[in-house]
Amino acid sequence: MTLESVRAGINETIAEVIAWSLRHAAAGQHPDTGFYGEAFDKSTSRHHLRGKSIAGSFKLCWFGFKADLKARWQCHLLSEYYRCKKLCDRCSAIQPMTSAPEPMTYKNMSDDAPYAGTCKDHDTYVRTARRLTPWLAVEGFQFEH
């Protein structure tokens with residue numbers, strides 16, 4: 001097992017646990033079993049809360065993902081990497097490697113910068129990604145940031 005595969009497995013499990021947890025929060029009920037389908041020990045509070053309402057008739061679920069570019073690259077299995085020439089995970093902006101003029105440079109902040117027209121929305125990401133993020137398991141997850 002490589003370090004990369006261990007990291008990928010951990011990331012996938014974290015995404016699945018959060019998705020599982022949020023499904024129960026959105027339903028407004030405590031889970032009947034643990035994440036792996038295991039029964040709760042009878043001496044625990046989780047056993048006594050099985051299937052009961054979390055907050056009366058209230059239901060609310062919200063999740064935010066805040067990360068730096070390296071963490072986004074790692075967690076979402078992106079092919080574009082902020083330290084490479086093609087640095088943006090949402091568009092075709094590039095990091096110029098020479099002093100020669102480059103129209104797609106991220107340094108072009110004009111309203112008509114060519115890369116601005118290449119932004120990917122969530123559906124485009126799902127259609128074109130080499131590897132899909134495990135965070136798609138979280139209901140409502142959108143790739144846009």
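A19 is buried, with a relative accessible area of 3%; buried means under 20% relative accessible area, exposed over 50% and partly exposed in between, with a 1.4 Å probe and protein chains only. The residue A19 belongs to helix 1, which covers residues 3–27. Helices here are DSSP runs of H or I with at least four residues, strands are runs of E with at least two, and both are numbered from the N terminus. Leaving aside residues up to four places away in sequence, A19 touches A137 and V138, where contact means heavy atoms within 4.5 Å. From A19 to G140 the C-alpha distance is 9.9 Å, although 121 residues separate the two in sequence.

The model is predicted: local features need pLDDT of at least 70 and side-chain atom pairs count only at pLDDT 80 or more, while totals for chains, interfaces and linings use all residues. Residues are numbered from 1 along each chain as its sequence is written, and side-chain values use heavy atoms, with hydrogens and water left out.

R72 sits in helix 3, residues 69–75. Its side chain makes a polar contact of 3.1 Å with the side chain of D89. A polar contact is a pair of N or O atoms within 3.5 Å; within protein, one must be able to donate a hydrogen and the other to accept it, and residues adjacent in sequence count only if both atoms are side-chain atoms.

| Residue | Helix | Relative accessible area |
|---|---|---|
| A19 | helix 1 (residues 3–27) | 3% |

The loop between helix 3 and helix 4 (122–128) contains L77. L77 is a residue other than glycine with a positive phi, near 55°.

The C-alpha trace spans about 70 × 40 × 25 Å along its principal axes. Of the 145 residues, 26% are buried. Among contacts with a separation of 6 or more, 42% join residues 24 or more positions apart.
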